[in-house]
Amino acid sequence: MKYFDYFSFDTLGETLEFLKKQKHFVKIISGGTDLIIEFRKNSPKLENIDKVLDISRLRVLKVIEEDNDYVYIGPSCTHTEIVKNDIINKYFPALVEACLSIGCLQTRNQGTIGGNIVNSSPSADTVPALVSYNAELELLKDENIERIFKVKDFIKGPYKNELAKDEMLYCIRIPKDNTEDRLHVFEKLGRRNALSITRISVCANALLEDGKIKKITIVPGAVLPRFKNMKIAEDFLTGKKPQKEVLREASELVAKEVFDEVGERWSTPYKKPVLEKMAFVALCKMFKIEII
Amino acid sequence: MIIHIKFKVNGVDYDIKTENNKRLLDVLRDDLRLTGTKEGCGIGECGACTIIMDGEAVNSCMVLAGRANNTEIMTVEGLEKDGELSTLQDNFVKMGAVQCGFCTPGMLMSAKALLMKNPDPTVEEIKEAIAGNLCRCTGYTQIVEAIKKTGEENR
Ligand SMILES: Cc1cc2nc3c(=O)[nH]c(=O)nc-3n(C[C@H](O)[C@H](O)[C@H](O)COP(=O)(O)OP(=O)(O)OC[C@H]3O[C@@H](n4cnc5c(N)ncnc54)[C@H](O)[C@@H]3O)c2cc1C
Ligand code: FES
Ligand code: FES
């Protein structure tokens, strides 16, 4: 295991103060389910790191609250805590499904939503759900210097994001935006398999009006270097009735948009039909349409 | 760097000084000599190192030593009472749920964490709870049955 010194404080103030004083990058550790593996591997990503800052003691990072406009999720909430939370179940059921799909129970009991976001893996399962709900992140430097990013802008590429070295993720806030009136879905390949590594997913939500799609959001996971909405399919579906043939066409558009962006690779003949099929299954499930 | 950890393990208060660079798994096995907890993969995938921390099953190979400060931990050694196996352990033995035994401590702790919350779980709930515990020998059926039986006896 890589050598590091270990720090942990009782208050947010002391934690931020400590971060500010450091010359080198300090690694914040929350659940540790991503980081400890990196430490054990002596990963080159951690080359300049000699200090670990454990934030798991800070109660303020574990709250889930709501006001009229937003739901606020503390980054240290574990996947299990999110799955069990009534507010999240009410407004963001696809996020609940995404958290439920992660690893096995031990990993969900330990791994946190903040760690999943900041690790910024292209296959981080909570991220498509967060992007589909237009979630934002509050990054904190001083107790009063705050930067806000949309999740989709925060992640810049595989394992790359906007977090500065003296900053921490303080809160994830998701606009309510009538989400309780929408239909939601999170579909993942290899779901409930503790060991699945390739985890293509499709997350979506939609608002219907007079039987037609008024608004729809579709975000795939683990297929693109950055997370984004499938704009072409979304525009195509808006205003239409969710019928099987329409959904099939939309799924083709999803696969096309993704693979136009990443280009042809050795894995394309395998991944493209899988993504297309998954998008179709996800959309049918969301609109409660029988697949066969 | 030496850190100071105060925690409760199997009902006993400990106050220890140890290397900060360790995992909880190492603290349990090397510092406390509680070698019931096993290391299989060391990367969170096999469940052999499962313990219960503040009521939740977690993989102790994924927890830093310092994180355990002020927590309450239960390991497989905490199951028996006065030298007698617990009903859960007894049922594992009776139902043939132990073969080579390497997965058993972790399996028992996942089962225990489930039974603490849900005294009489369904087969589905049992499968979900032990999905992160790999067993190369039994084929899982006997393990599920042993946990189910323990639940039924809790009725
Ligand atoms: C067996 C196994 C299976 C897994 N399966 C899945 C899966 O199916 N889907 C999936 O998406 N992931 C999976 N993971 C990965 C991992 O569990 C998740 O990404 C988890 O959410 C990470 O959270 P953590 O708290 O453990 O992160 P940590 O390891 O503590 O941290 C991860 C990164 O985030 C940073 N960080 C954490 N919190 C903050 C904060 N508040 N501010 C700034 N930086 C912060 C850390 O510095 C680090 O860079 C799996 C892991 C294992 C071991
Ligand atoms: S040794 Fe911890 S999960 Fe395998
Ligand atoms: S009994 Fe051998 S691994 Fe389970």
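Modeller: The account below begins with the ligand and its surroundings, and then turns to one residue and to the domains.

The model is predicted, and what follows should be read as a description of that model. Ligand 1 has 35 residues around it, and those that come nearest are A:I28, A:T33, A:D34, A:T112 and A:D125. The surrounding residues come from chains A and B, so the site is shared between chains.

The side chain of A:T33 has an N or O atom 2.6 Å from an oxygen atom of ligand 1. For A:D34, too, an N or O atom of the side chain is 2.6 Å from an oxygen atom of the ligand. At A:L169 a polar backbone atom takes part, and it is 2.8 Å from a nitrogen atom of ligand 1. On its own, ligand 1 has 990 Å² of accessible area, and the protein covers 95% of this.

Several elements of chain A give two or more residues to the shell around ligand 1: β2 (27–29), α2 (35–41), α7 (113–119) and β10 (168–175). The element that gives the most is α7(A), with four residues. Sorted by class, the shell consists of 14 nonpolar, 15 polar and six charged residues.

A:D34 is found in chain A, in the loop between β2 and α2. Apart from its neighbours within four places in sequence, A:D34 is in contact with A:G115 and A:N119. A:D34 and A:G115 are 81 residues apart along the chain, yet their C-alpha atoms are separated by 7.6 Å.

The domain assignment divides the chain into domain 1, made up of 5–54 + 61–175, and domain 2, which spans 189–286. The C-alpha centres of these two domains of chain A lie 26 Å apart. Contact between them involves 23 residues of domain 1 and 17 residues of domain 2.

Terms used. Residues are numbered from 1 along each chain as its sequence is written. Chains are lettered from A and ligands numbered from 1 in the order in which they are written. This is a predicted model: local features need pLDDT of at least 70, side-chain atom pairs count only at pLDDT 80 or more; totals for chains, interfaces and linings use all residues. Side-chain values use heavy atoms; hydrogens and water are left out. A residue is near a molecule or strand if one of its heavy atoms lies within 4 Å of it. A polar contact is a pair of N or O atoms within 3.5 Å; within protein, one must be able to donate a hydrogen and the other to accept it, and residues adjacent in sequence count only if both atoms are side-chain atoms. Accessible areas come from the Shrake-Rupley method with a 1.4 Å probe; for residues, only the protein chains shown count as cover. Ala, Val, Leu, Ile, Met, Phe, Trp, Tyr, Cys and Pro count as nonpolar, Asp, Glu, Lys and Arg as charged, and the others, Gly among them, as polar. Contact means heavy atoms within 4.5 Å. Domain bounds come from an automatic or database domain assignment.
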